[in-house]
Amino acid sequence: MRVHLGSDHAGLDLKAHLTTWLTDHGYEPVDHGPFVFDAVDDYPVFCLRAAEGVVADRAEGLDSLGVVIGGSGNGEQIAANKVLGCRAALAWSEETASLGREHNDANVVAVGGRMHSLDDMTRFVQVFLKTPFSGDERHVRRIGMLSSYDETHVLPPLPASARPGDA
């Protein structure tokens, strides 16, 4: 499996660690930078490229996921989610890493380099990469709503439970 990586300065050390860890565990890491420490670098430059790499690979039928890393992972997740076809999940535990794949078919995981130990973050990434999408109908339906909105910008219809007087 190919794994695209992008970060900012706060995620640089974890990205370097993950590149080695991924190679050692049979993955093909693709590093979109940064490659040197710059305390004022801009995470969108690198995270957008990592997300685009994942989406492009998957469009070609390749087995590919991504990891974006920052101080908290929040901005990196937001950046990755700007790429059409990317579903980035913020992981702060093994459970959130697993659920991002299992329920949301996330293809990118965001982690915070300043939020957890190196071992914890490596485990979150490992869980994310190993967890398959469940394929449950309700999850497929929800992802379909999001994909449709991405393409059309038309909101899904409100269910009866959300309309006053219909519940």
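Q: Okay, and is C47 buried or exposed?
A: C47 is buried, at a relative accessible area of 0%. "Buried" means under 20% relative accessible area, "exposed" means over 50%, and "partly exposed" is in between (1.4 Å probe, protein chains only).

Q: What about C86, buried or exposed?
A: C86 is buried too, with a relative accessible area of 5%.

Q: Before I go on, what should I know about the model and the numbering?
A: Residues are numbered from 1 along each chain as its sequence is written, and side-chain values use heavy atoms, with hydrogens and water left out. Since this is a predicted model, local features need pLDDT of at least 70 and side-chain atom pairs count only at pLDDT 80 or more, while totals for chains, interfaces and linings use all residues.

Q: Got it. How many helices and strands does the protein have?
A: Six helices and five strands. Those are DSSP runs numbered from the N terminus: helices are H or I with at least four residues, strands are E with at least two.

Q: In what order do the elements run?
A: From the N terminus, it goes β-α-β-α-β-α-β-α-β-α-α.

Q: Let's zoom in on helix 4. Which of its residues are buried?
A: Helix 4 covers residues 94-102, and T96, A97, S98, G100 and R101 are buried there.

Q: What covers them?
A: The cover includes strand 3 (64-70), strand 4 (88-90) and helix 5 (118-130).

Q: New topic: where does Q77 lie?
A: Q77 lies in helix 3, residues 74-80. Q77 counts as buried, at 18% relative accessibility.

Q: Which residues is Q77 in contact with?
A: Setting aside neighbours within four places in sequence, Q77 contacts V68, A88, A89, L90 and A110. Contact means heavy atoms within 4.5 Å.

Q: And the whole protein, how much of it is buried?
A: Of its 167 residues, 41% count as buried.

Q: Last one: what does the C-alpha trace span?
A: About 55 × 35 × 30 Å along the principal axes of the protein.
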